[in-house]
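Biologist: Please take a close look at one part of this model, a site and the partners around it. Give me the cut-offs as you go.

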Amino acid sequence: MNPIDGTDRTQAAALAQRAADVAGTPGDDVPSPCVSVCRMDAERVFCIGCLRTIPEIAGWSRSDAASKRSVWRAIEVRASAQAALLRTTGGVTP
């Protein structure tokens with residue numbers, strides 16, 4: 001995964017932790033990952049605010065709780081990878 005433009009290691013680690021917390025919470029009320037930073041990365045793959053893909057964003061309101069948790073788990077993986085990459089590169093995009 002390429003580092004997402006504008007995301008630093010601290011933001012990525014915080015998003016990974018939030019994702020882990022939400023993905024492991026029971027119940028039907030799953031919060032949206034949106035943080036109102038709605039801009040796609042340079043490759044137009046991930047939102048730089050929440051690390052969701054366009055299909056994940058578009059389908060959110062129609063998704064059931066299990067599907068939403070699955071998106072949160074994917075965000076956790078993406079954000080953890082982002083934080084690790086930024087940690088190993090000193091926060092510099094390779």
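Predicted model: local features only at pLDDT ≥ 70, side-chain atom pairs only at ≥ 80, totals over all residues.

Modeller: Start with Cys34, which is partly exposed at a relative accessible area of 35%. Residues are numbered from 1 along each chain as its sequence is written, and side-chain values use heavy atoms, with hydrogens and water left out.

Now the sulfurs. A disulfide needs a pair of cysteine sulfur atoms within 2.5 Å. The count by this rule is zero. Cys34 is in no disulfide; its nearest cysteine sulfur belongs to Cys38, 4.0 Å away. Cys47 has its closest cysteine sulfur in Cys50, at 3.8 Å, so that pair is too far apart for a bond. Cys47 itself is buried, with a relative accessible area of 4%.

Next, the site I would centre on: Thr53. Thr53 sits in the loop between helix 1 (9-23) and helix 2 (54-59). Helices (H or I, at least four residues) and strands (E, at least two) are DSSP runs, numbered from the N terminus. Thr53 counts as buried because its relative accessibility is 17%. Which residues touch Thr53, leaving aside its neighbours within four places in sequence? They are Val45, Phe46 and Arg78. Contact here means heavy atoms within 4.5 Å. Met40 is 13 residues from Thr53 along the chain. The C-alpha atoms of Thr53 and Met40 are separated by 8.5 Å.

The side chains of Arg78 and Glu56 meet in a salt bridge, 2.8 Å from N to O. The pair links distant parts of the chain: Arg78 in helix 3 (residues 65-88) and Glu56 in helix 2, 22 residues apart. The rule asks for a side-chain nitrogen of Lys or Arg within 4 Å of a carboxyl oxygen of Asp or Glu. By that rule the count is one salt bridge. Glu56 is buried, at a relative accessible area of 16%. The Arg78 and Glu56 side chains are also joined by a polar contact of 2.8 Å. That term covers a pair of N or O atoms within 3.5 Å; within protein, one must be able to donate a hydrogen and the other to accept it, and residues adjacent in sequence count only if both atoms are side-chain atoms.

Step back to the whole chain. The protein chain has three helices and zero strands. From the N terminus on, the order is α-α-α. Of its 94 residues, 36% count as buried. Among contacts between residues at least 6 apart in sequence, 64% join residues at least 24 apart. The chain exposes about 5400 Å², and carbon and sulfur atoms supply 54% of it. Such areas come from the Shrake-Rupley method with a 1.4 Å probe; for residues, only the protein chains shown count as cover.

Last, confidence. The mean pLDDT is 88, and 88% of the residues score at least 70. pLDDT is the predictor's confidence in each residue, from 0 to 100. Among the elements, helix 2 has the highest mean pLDDT (98) and helix 1 the lowest (90).

Key. Buried < 20%, exposed > 50% of the residue type's maximum accessible area, 1.4 Å probe, protein only.
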